[in-house]
Amino acid sequence: MTDLAKKRILLGVTGGIAAYKAAELARLMVQHAIDAQVVMTQAARRFITPVTLQALSGKPVFTDLYDHRIDNGMAHIEFTRGVSAAVIAPASADFIAKLAHGVADDLLSTLCLARACPLLVAPAMNRHMWENPATRRNISQLKRDGVTLLGPASGEQACGEEGMGRMLEPDILLAEIAAFFQPKLLLGRRVTVTAGPTFEAIDAVRGITNRSSGKMGYAVARAALETGAEVTLISGPSCLAPPPAAKLIKVVSASEMLNAVNDAIADTDIFISVAAVADYYVLNPSEQKIKKDAHILTLELAPNPDVIANVVNRPNPPFCVGFAAESENLFEFAEMKRHRKKLPLLAANLIQDAVDGDESELTLFDDDGVHPLPRVPKITLARQLIQHTAALYHRGGGSTEDTPA
Ligand code: CTP
């Protein structure tokens, strides 16, 4: 998550059992080269020691408004100047109440009031406290005040109860913080993304498919959401959790994917076709499971519709981005494919660099030339692709000249 490198973040830790997760969050921040300054409340110190957070963040931890270690005696000003954001994790019900009412009776609450940077709050509390009308009012107030809420999640709670109020896990919190910082390049634009493989039935249990986890497509959907777009994610079979804010449409076969895309496309500004669509389907699939015998089994295959070609050839097509995974001759095949499919932008990689893993590399091909994106986590790659796409889209869509390959 190199997107966060060198950002300065104030990490505020308040009193709740989830404070132990702040240790992992501080460690992850440092791992991602974030300059993190930890400030704790007195109550937080009952759950986790400053020594732990100091060791993990590599900096002294502060609690006291009148701490003599601050040269000018103005800790409440000092720690939020030049800071990219203040992140309160965990944020207890009590601390949220203070924030909602502008109470400033200790270092952390005073810092929040005196800050000149965005405030991100990760609530953590028992489900009854979360559902209490007082907390509901306070949360609404924070939203009105422009505070960004990270979570909470629902699930098993430290008290043994089940429900809403768990703090997001540290790795998810870090991803949400990275998302917060993405420039809102596609605010209000409608983006449709296809992802995953398609599956073409042979019989009741078997089928033809492509190797594809859906990770890149889901990351592209997430990255588009982060830039303020409305996202429709049309996904073939995949076990991945979709980004919650996306409109998810699940499909199985290529023809189902084509129908779903056709339904969505009139309301689409940008179409990104990441799906590994099966090129053929089986003519006359068997409704029952085919029983094996000693003979050779011949399947008759017919070509599937080309989804992205259907979109490109519409009268007023959206800005279209294609993907290509090749096993050899990447540059030659990708550039040929871009021209054959009349795409202003195509993202390509070698199959061995792409399938299944959490990291990948991509090469972008457009009318300006070739743009290599070195190996990074897929979400980072997806963010780079979305930035490139947004730049071309705002420039006027790029060319879709019909140059035969
Ligand atoms: N694509 C599509 N519909 C298909 C096949 C591919 O929309 N039936 C899209 C993919 O989502 C991708 C791009 O076209 O964005 C290129 O896919 P790829 O499978 O690499 O291209 P093909 O045209 O199928 O070429 P080949 O399999 O011969 O390499």
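Reader: Which loop holds Ala33?

Author: In this predicted model, Ala33 sits in the loop between helix H1 (19-31) and strand E2 (35-40).

Reader: What should I look for in the backbone there?

Author: Start with the general idea: most residues other than glycine have a negative phi. Now the case here: Ala33 is not a glycine, yet its phi is positive, about 60°.

Reader: And is Ala33 buried or partly exposed?

Author: Buried means under 20% relative accessible area, and exposed means over 50%. Ala33 has a relative accessible area of 40%, so it counts as partly exposed.

Reader: Which phi does Asn329 have?

Author: A positive one, about 45°, although Asn329 is not a glycine. You will find Asn329 in the loop between E16 and H12. Its relative accessibility is 41%, so Asn329 counts as partly exposed.

Reader: How do I read the peptide bonds themselves?

Author: Again, the general idea comes before the case: most peptide bonds are trans. Here, Ala89 and Pro90 are joined by a cis peptide bond, with omega about 0°. Pro90 lies in strand E3. The bond from Gly151 to Pro152 is also cis, and its omega is near 5°. Pro152 belongs to the loop between strand E5 (148-149) and strand E6 (153-156).

Reader: Where is Ser92 found?

Author: Look at the loop between strand E3 (85-91) and helix H4 (93-101). Ser92 is at 10% relative accessibility, which means that it counts as buried.

Reader: Which residues does Ser92 touch, not counting those up to four places away in sequence?

Author: Ser92 touches Thr14, Gly15, Ala124 and Met125 on that count.

Reader: Let me step back to the whole chain. Which domains does the domain assignment give?

Author: The assignment gives domain 1, spanning 2-180, and domain 2, spanning 190-395.

Reader: How can I compare distance along the sequence with distance in space?

Author: Pick a pair of residues and read both values. Ile77 and Pro197 are 120 residues apart in sequence, and their C-alpha atoms are 52 Å apart in space. For another pair, Arg222 and Ala116, the separation is 106 residues in sequence and 28 Å in space, C-alpha to C-alpha.

Reader: What surrounds Ile77, leaving aside its neighbours within four places in sequence?

Author: Ile77 is in contact with Leu111 and Ala114. Ile77 itself is found in helix H3 (residues 75-78). With a relative accessible area of 27%, it is partly exposed.

Reader: In which helix does Arg222 lie?

Author: Arg222 lies in helix H9, residues 215-226. Its relative accessible area is 32%, so Arg222 is partly exposed. Not counting residues up to four places away in sequence, Arg222 touches Ala241, Pro242, Pro243 and Ile379.

Reader: Now the ligand. How many residues surround the ligand?

Author: There are 14 residues around the ligand, and the closest are Ser273, Ala275, Ile308, Lys337 and Lys341. Sorted by class, the shell has seven nonpolar, two polar and five charged residues.

Reader: Which helices and strands each supply at least two residues of that shell?

Author: They are helix H11 (307-312), strand E16 (319-326) and helix H12 (330-340). E16 gives the most, with three residues.

Reader: Which atoms lie 2.7 Å, 2.9 Å and 2.5 Å from the ligand's oxygen atoms?

Author: A backbone N or O atom of Ala275 lies 2.7 Å from an oxygen atom of the ligand, and a backbone N or O atom of Phe323 lies 2.9 Å from an oxygen atom of the ligand. Then comes a side chain: an N or O atom in the side chain of Lys337 is 2.5 Å from a ligand oxygen atom. As for cover, the ligand taken alone exposes 560 Å², and the protein buries 78% of that.

Reader: Lys337 came up there. Which residues of H12 are buried?

Author: In H12, Lys337 is buried, and so are Leu330, Ala334, Arg338 and His339.

Reader: What do the buried residues of H12 pack against?

Author: They pack against E16, strand E17 (345-350) and strand E18 (359-366). E16 and H12 also both supply residues to the shell around the ligand.

Technical notes. Residues numbered from 1 in each chain as written. Predicted model: local features only at pLDDT ≥ 70, side-chain atom pairs only at ≥ 80, totals over all residues. Heavy atoms only, no water. Domains from an automatic or database assignment. Helix = DSSP H or I, 4+ residues; strand = E, 2+ residues; numbered from the N terminus. Buried < 20%, exposed > 50% of the residue type's maximum accessible area, 1.4 Å probe, protein only. Contact = heavy atoms within 4.5 Å. Near = heavy atom within 4 Å. Polar contact = N/O pair within 3.5 Å; in protein donor to acceptor, adjacent residues only side chain to side chain. Areas by Shrake-Rupley, 256 points an atom, 1.4 Å probe, with all protein chains shown as cover. Nonpolar A, V, L, I, M, F, W, Y, C, P; charged D, E, K, R; others polar.
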